[in-house]
Amino acid sequence: MKFTAINFTCPSCGAPMKFSPVSGTLKCEFCGTESAIKDTMETIEEYDFKKALLKLSKQTPQLIDKTIDCSKCGGSFTLTPYSVSSNCPYCGIPAITDFIQEITPRSILPFQIPQKETKERFKKWAGSLWFAPASFSKYLDSEDELKGYYLPYWTYDSDTITSYRGMRGDIYYVAVARTIVRNGRQETVQVQEPRIRWTHVSGAVSLSFDDITVGASKTISRAIIDALAPWDTSRLKPFDERYLSGFEAEEYTIGLDNGFEFAKAKMNSVIEQAIRRDIGGDQQQIHSIDTTHNNITFKNTLFPIWTASFKWHDKIYSYAINAQTGKISGERPYSTAKIIFALLAAAIVIGGLVYFRMEQQNYTSIQHSETYDYPVRF
Ligand SMILES: [Zn+2]
Ligand SMILES: [Zn+2]
């Protein structure tokens, strides 16, 4: 289906303007003219979850490919159904188009970390991984490998009441007679041995949650996207298309109801900790949990993320950076050669004459991937 796209042109020279994370303004790449994005006085609202679900149940979701004719070069290109902002593949000018989902973002966290700084952070991160292959560091030098995305997020608020049943365990000590051998002679001594006393308990805890964030895109794996948290939602701005200019942006592909299931899982782990504190004692068992959610509200919003992927030994490793805080999340490639070398070096130092045999599975098994959290530093 044909869609029209907008872009912003420089008042001085007519070239396209893109959002600059450095200045927080629209900036002309050609002559450097800046144009400020004034904050509207619009407050960022929370919306009623149940009312919205009711409304959504009456709609059938539509998936239409968006065909756009570039206003500058006339080239025609097709966006994925859920893409709302991209760049013309022929001339590179920004193309911002319409949302098709029922719920559209009313707020946005603008990009704060520019591409150049992101690259430096990636390099530093890769450099700190002694086991990463050299080609990984080289890859980070290549141009245009980072892609900036505004990805859709849901945030949920909920007042919860949870009733629970479980057991409280209290440790106490009993004196037990033990026979020991001292100076070749048998002796009987008293020792204190711990025991646990379990008591049935039940109770209720109530917790209020504010802005539980859930990624609503399938573009990046959930493990990577979850590891990018936390997000500072107190810095949300009212939605403005100008923030999208030059960046990719998507609307949600994980619905409001599904998103809430992910939010519930996040809330549950906090609720469980509260129950353990409520039970008290030295150990706790939780046998049943029953949570009621009240006053559920939500927001649909866009968060800024830099992404990169690196192909090595036929496997693709994906990375993402939280473009608000700089936190890195991703799978790290392991260089088998570096690991063997390090193990051998260690063996030579420690073992000397010890016969050292490296078995095949000792190092191939290390080649799995995992999520890595990079500490946030400012
Ligand atoms: Zn200009
Ligand atoms: Zn074009």
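1. Helices (H or I, at least four residues) and strands (E, at least two) are DSSP runs, numbered from the N terminus. On that basis the protein chain has seven helices and 17 strands. The model is predicted: local features need pLDDT of at least 70, side-chain atom pairs count only at pLDDT 80 or more, and totals for chains, interfaces and linings use all residues. Residues are numbered from 1 along each chain as its sequence is written, and chains are lettered from A and ligands numbered from 1 in the order in which they are written.

2. Helix α5 covers residues 256-279, 24 residues in total. From first C-alpha to last it reaches 34 Å, close to the 34 Å expected (1.5 Å times one less than the number of residues). Gly-280 follows α5 and has a positive phi, near 70°.

3. Buried residues of α5 are Leu-256, Gly-259, Phe-260, Ala-263, Met-267, Ile-271, Ile-275 and Ile-279 (buried: 20 or more other C-beta atoms within 10 Å of the residue's own, with C-beta atoms placed from the backbone). An α-helix has 3.6 residues a turn, so residues three or four places apart point the same way. The cover over the buried residues of α5 includes α1 (49-56), β11 (147-182), β12 (185-215) and β15 (283-312).

4. Which residues of α1 meet α5? Phe-49, Ala-52, Leu-53 and Leu-56 do, against Leu-256, Asp-257 and Phe-260 (contact: C-beta atoms, placed from the backbone, within 7 Å).

Key:
Buried ≥ 20, exposed ≤ 12 C-beta atoms within 10 Å, placed from the backbone. Contact = placed C-beta atoms within 7 Å.
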